[in-house]
Amino acid sequence: MYDMFLFAGLGSVPQVLLHLSAIDWLIIVIYFIAVVGIGFYLKRFADTGEDFFLAGRKMTAWVAGLSFISANLSALELMGWSAQTYQYGLQAAHSYWFNAVPAIIFLAIVMMPFYYICKTHSVPGYLKLRYDGRSSAVGGISFALMTILVSGASMFSMAKILHLLLGWDMNFSIWVSSITVAVYVTLAGLISAIFNEVIQFFLIWLGTLLIPILGLIEVGGWSKLVETVQRNVQIIHPQFKNANFTSLWSGLGSFDNPMGIDWFGIVFGFSVCGFSYWCTDFLQVQRVIVAKNLRAAQNGTLIGAVLKMCVPFIVILPGLLGLALLMDGEKPMTLVPESDVRANFTAYTYNDLLPLLMGKYLGPGLLGLGVTAIIAGFMSGMAGNISAFATVWTYDVYKPLINKSASDRHYLNMGRWCSVLGIVFSIGTAYLLFYFSNILEYFQALGMIFLLPLFGVIILGMLWKRCTPAGGFWGFLLAIFASIGMFVLVHTFPEGYRPSPNAILESTWVGGVEQPPRVIVKTESVKALENSEDAKKPNSENKYVEQIVQVVIESGKIVLTNVPLTVKSGEEPFVKGEFTVGDAGVEIPGVAKNSGEEKKIQIFSTKVLLAGEEGTTKFGVEGVRTVLNPGVQVVARDVTQYFNPGQFNPQFTKFLARSKKAQPFAVYVYCSLWTFLISVVIAVGVSLFTKPKDEADLKDLVMGLTQLPDEGRCPWYQEPKLWAAIVAVALLGLNLFFW
Amino acid sequence: MDEQKQIPIWFFIGTLLLIYGVIITGVGVYYCIFPAPQGLAMQDYHPDLWWGILLLAIGGFYTFHYFPSRKKNG
């Protein structure tokens with residue numbers, strides 16, 4: 001006997017997590033009709049390039065602020081950060097209360113005047129004015145590439161999530177959402193994207209707000225929630241038994257916390273990541289530079305800061321509620337990461353947390369509203385990327401490098417075509433992502449490569465008039481190469497990386513008919529909890545449970561990775577090749593040596609016929625001796641990788657992230673900090689030896705040479721600096737309260 | 001861009017929320033009379049009914065306040 005059930009009751013997760021009623025479908029269909037209808041209505045207001053790319057620069061502070069925050073509040077954020085909270089606890093709120101809000105305040109008060117007064121149409125456009133065409137071209141091309149990759153990733157995530165939640169075909173989801181976005185962005189450009197983002201803001205809040213409200217009522221309030229979370233994490237995250245999952249800062253003295261990062265990384269690394277995203281990602285900046293005046297742009301940004309500060313209520317709180325309230329029988333339910341081989345076979349994943357809570361609380365109608373919120377979140381994120389792509393491509397790549405003197409109508413048409421092409425490219429990158437497992441890490445890596453170098457040279461350019469065009473260009477370009485180098489380094493394994501031993505059971509096809517593998521599971525009743533601490537508790541000694549002692553594969557195909565087989569006794573273990581099991585049968589051990597360590601062998605299938613049960617089911621066990629009966633087809637692979645973007649080599653991460661214990665999140669945070677410092681050091685170094693621009697050319701672009709416009713007196717409650725101070729004090733209060 | 005004739009965004013939001021409010025309030029009323037689906041938590045509080053009424057209130061306010069024929073716009 002090797003091990004017990006992988007999950008209770010021969011665990012398998014249902015094929016579809018949520019079931020929609022006709023009412024839910026009606027709500028989703030109404031949303032699609034509304035967004036396309038608004039696109040057709042707004043087409044008449046997008047007659048010029050300024051209308052299409054910059055929404056006529058007529059947005060009020062509220063519309064700009066809601067759009068600013070909605071462009072970021074995608075479904076990926078909703079599901080991703082509630083999942084991260086389940087994994088890391090309240091520390092995940094640093095993403096809002098330390099990474100985002102201070103950066104948004106900085107954008108509003110310090111950077112916005114430069115962006116707004118120089119009347120740039122884009123962030124690469126600012127680079128052209130402040131430095132020269134070289135920096136602008138690098139900025140334009142890298143940003144266009146990043147938006148397409150991000151948009152594709154959003155599209156892929158949406159398709160995957162809708163497939164897992166609702167059973168929708170992934171191709172269907174990708175194409176329907178893409179065509180819808182293509183229609184409304186192509187028709188009216190940025191104004192259409194902004195309108196839909198504001199609608200999406202309401203849908204996301206109204207579609208998800210009920211979950212934390214009902215959850216808090218059910219658990220009995222905040223103090224009960226804290227108590228239950230701390231009790232349940234003993235079972236859910238036994239490796240972090242002593243960690244405080246409801247504290248922001250108190251566990252950051254070392255790397256021994258669920259996030260695997262220390263206070264230094266959060267304060268200096270994560271904050272720089274936030275500044276780079278919020279202050280230089282054109283997708284965000286575009287939303288507020290189109291406000292009707294500077295004050296509206298600043299106040300719109302600050303409205304965004306206030307709203308961002310509130311987002312943890314619908315994102316972080318559900319993560320904590322998931323730790324407290326999701327149960328598997330009488331035990332807390334344990335979710336696994338997407339990269340875990342059990343994911344979606346026998347266990348729900350972290351990303352399923354919000355849908356599981358939706359399924360728990362939302363009935364017909366409300367569930368449709370919740371699913372609509374998720375779809376709207378994805379589509380508006382995609383639309384935001386596409387409209388930003390069209391602007392940057394047309395103004396910063398096509399116009400300066402390809403066709404300098406065309407008519408406004410020509411550029412408007414180019415923007416429309418770019419929107420369609422952007423969607424097509426995004427679909428391509430969406431399919432590329434079928435090969436990646438962790439989307440949030442993918443986004444972090446993209447930010448590290450494209451945004452941190454940009455932020456370094458932009459902030460230097462705004463604050464230091466001595467920074468030269470050559471300094472800006474080389475600081476930007478070399479930091480991009482350095483970050484790519486760090487990305488490659490942490491995923492490189494000079495001595496080879498061997499994936500954990502695993503086996504996938506597959507169907508065979510006989511005469512065009514699918515034959516799922518047939519499996520017999522042999523169990524025996526054994527004393528429960530022996531050798532565990534719980535066995536010492538009263539009333540536990542007479543408990544018996546059924547445990548799997550052997551699995552017999554009667555028919556089908558089995559694909560083995562790094563699993564040694566002994567075909568006949570006395571022979572060398574068989575590690576790669578294909579064969580059909582002969583009369584003697586073959587046995588797979590419960591454990592195998594992998595890179596010098598003993599690892600339990602995991603066996604999975606999306607579809608098996610279990611002896612004694614009707615119909616097919618998902619299936620997964622680990623560490624169990626398995627017998628392959630004669631006739632079973634075997635495909636054995638021996639896999640050693642020297643580069644794997646999903647794995648981190650601790651040999652290198654311990655230098656870059658200051659600790660071998662640093663988790664992937666921490667590794668990228670530290671690499672981002674180094675990237676930023678590299679861009680600043682190179683830009684400063686090169687500037688000291690090259691000629692700066694004349695001060696006359698830097699007017700309205702650099703601190704000290706920029707005169708703020710006189711927009712007249714305003715009531716005290718419209719004063720941006722006052723609101724910035726209020727938001728900063730509230731932010732400090734939140735950090736102290738949840739210390 | 002023809003700003004004079006453009007319907008404010010708030011009107012679109014109001015209309016959408018109003019439609020959703022009618023549907024969800026209708027469902028809420030139905031489940032006050034007939035039993036709600038099994039397996040849902042906290043249904044004694046009738047969240048669909050209250051949430052539907054909230055949607056109706058927000059949607060109704062925006063639709064009325066920003067109705068295109070009224071002079072005021074956002």
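The model is a predicted one, so please read every value below as computed from it. Chain A has 739 residues, and 60% of them are buried. Chain B meets chain A through 33 residues of its own and 42 residues of chain A.

**Chain A at a glance**

- The secondary structure of chain A comprises 24 helices and 18 strands.
- Take the contacts in chain A between residues at least 6 apart in sequence: 82% of these join residues at least 24 apart.

**Where chain B meets chain A**

- About 3,200 Å² of area is buried between chain B and chain A, and carbon and sulfur atoms give 83% of this area.
- Two helices of chain B, H1 (9-33) and H2 (47-65), each supply at least two residues of the side that touches chain A.
- H1(B) provides the largest share of that side, with 12 residues.
- Sorted by class, the side of chain B that touches chain A holds 25 nonpolar residues, alongside four polar and four charged ones.

**Nonpolar cores**

- The largest nonpolar core counts 234 residues, and Tyr115(A) and Trp10(B) are the ones with the most contacts inside it.
- Helix H20 of chain A, residues 439-463, gives the most to this core, namely 16 residues.
- There is also a second, separate core of 25 residues, with Ile558(A), Val563(A), Val586(A) and Val634(A) among them.
- As background, nonpolar side chains in soluble globular proteins tend to be buried together.

**A closer look at Leu248(A)**

- Leu248(A) sits in the loop between helix H12 (222-236) and helix H13 (263-280) of chain A.
- Leu248(A) counts as buried because its relative accessibility is 0%, and the cut-off for buried is under 20%.
- Along the chain, Leu248(A) and Trp739(A) are 491 residues apart, yet their C-alpha atoms are separated by 5.0 Å.
- Setting aside neighbours within four places in sequence, the contacts of Leu248(A) include Leu90(A), Gln91(A), Ala93(A), His94(A) and Trp97(A).
- Leu734(A), Asn735(A), Phe738(A) and Trp739(A) are also in contact with Leu248(A).

Methods:
Residues numbered from 1 in each chain as written. Chains lettered and ligands numbered in written order. Predicted model: local features only at pLDDT ≥ 70, side-chain atom pairs only at ≥ 80, totals over all residues. Heavy atoms only, no water. Contact = heavy atoms within 4.5 Å. Buried area = accessible area lost by both parts, 1.4 Å probe. Helix = DSSP H or I, 4+ residues; strand = E, 2+ residues; numbered from the N terminus. Nonpolar A, V, L, I, M, F, W, Y, C, P; charged D, E, K, R; others polar. Core = buried A, V, L, I, M, F, W, Y, C linked by side-chain atoms within 4.5 Å. Buried < 20%, exposed > 50% of the residue type's maximum accessible area, 1.4 Å probe, protein only.
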